[in-house]
Amino acid sequence: MPLNDDPAGRPAESLILNIQRMSTEDGPGIRTTVFFKGCGLNCLWCHNPESLSARPQMQWVETRCIGCKTCLAVCPEGALSDDGGGIRILRDRCTACGECSRACPALALERLGEPWRLDRLLDEVEKDRAYFEASGGGVTVSGGEPVLQAPFVAAFLTGCRQRGLHTALDTCGFCAPGALERILPATDLVLYDLKEIDPERHRRFTGQSNERIFANLLLVRDRMRAQGRPARLWLRTPVIPRMTARQDNIAGLGRFVAENLGDAVERWELCAFNNLCRDKYRRLDMDWACREDALMTAGEMEAFADAARRAGVAAARVAWTGAVRPDEPAGNPA
């Protein structure tokens, strides 16, 4: 979506998916996370499929619908139908204009992705200043991939800094180096995804090789050191059944971290697979490759954390997070 610039040449508007308050998973303290639309990867396990497209999308939330069918009458493209099982969105016709969501009295139709002006967004996140100051929190930009909207994100994080708010960038690393460099000077903490050590598996799982991702991670390391800033780099690895949840993958990533990053990494978080996004895919008429996969067990996650430590990453810097299922009980001896 094109940006509209203000007279000073700063990007004044960008497409925002969601503003999540009271987050405790996107950096230190209590944070307000701004999710941007659009991503250059297409991870098979993505927990936020609504963030992949850089354009607005519509979804129907069946639990809110009261069956009034007001939406059918107002859609200018004839992109809605009722097949007896609820409202169906005809994706080949829908332009996500939002007329149906504005008319729906029960808010059952939602437009995913709205333009936000820079000044309005800064004022919005500053409302949570008291929580930030009490908890050591701040503002995190996430997605999707926020670096794809680098001019706006850089201006936004600079504005947060000017207002005394701690800033964090959550990135997958698949982006142009110049765009990343534009944002780093306004970033207090970088949350960086490392998913897969093998380039071909990475391409199979995400649609892209990992070459640029590893190169950009080294760029982040070098720029942070050059600026003389304290090490504020957190790594995050999604541990996905049948995909990244392999000892060789975690060990390989661990060796890369130990050999190339060392003390620059403050924390390496292994994120257990989360299956709570099934409804998101269904509402967007998308298939999900992980729909039948079960949660990891605590024992499995601890074994992966041990593999990371054995690869040379300081034990105190490795942690695993997320919901898990109970470990299988040991069999009784015969």
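**Salt bridges up close**

Author: Counting a salt bridge as a side-chain nitrogen of Lys or Arg within 4 Å of a carboxyl oxygen of Asp or Glu, the total comes to 33. The model is predicted, so local features need pLDDT of at least 70 and side-chain atom pairs count only at pLDDT 80 or more, while totals for chains, interfaces and linings use all residues. Residues are numbered from 1 along each chain as its sequence is written, and side-chain values use heavy atoms, leaving out hydrogens and water.

Let's start with Arg-21 and Asp-128, whose side chains meet at 2.8 Å, N to O. This pair links distant parts of the chain, 107 residues apart: Arg-21 is in strand β1, and Asp-128 is in the loop between α3 and α4. (Helices, H or I of at least four residues, and strands, E of at least two, are DSSP runs numbered from the N terminus.) Asp-128 is buried, with a relative accessible area of 7%, whereas Arg-21 is partly exposed at 31%. Here buried means under 20% relative accessible area, exposed over 50%, and partly exposed in between, with a 1.4 Å probe and protein chains only.

Next, Arg-64 pairs with Glu-110, their closest N and O atoms 2.5 Å apart. Arg-64 lies in the loop between β3 and α1 and Glu-110 in strand β6, so the bridge ties together parts 46 residues apart in sequence. Arg-64 is partly exposed at 37%, and Glu-110 is partly exposed at 22%.

Finally, Arg-129 and Glu-133 both belong to helix α4, four residues apart, about one turn. Their salt bridge has a closest N to O distance of 3.6 Å. Both residues also join Asp-123, Glu-126 and Arg-163 in a network of salt bridges.
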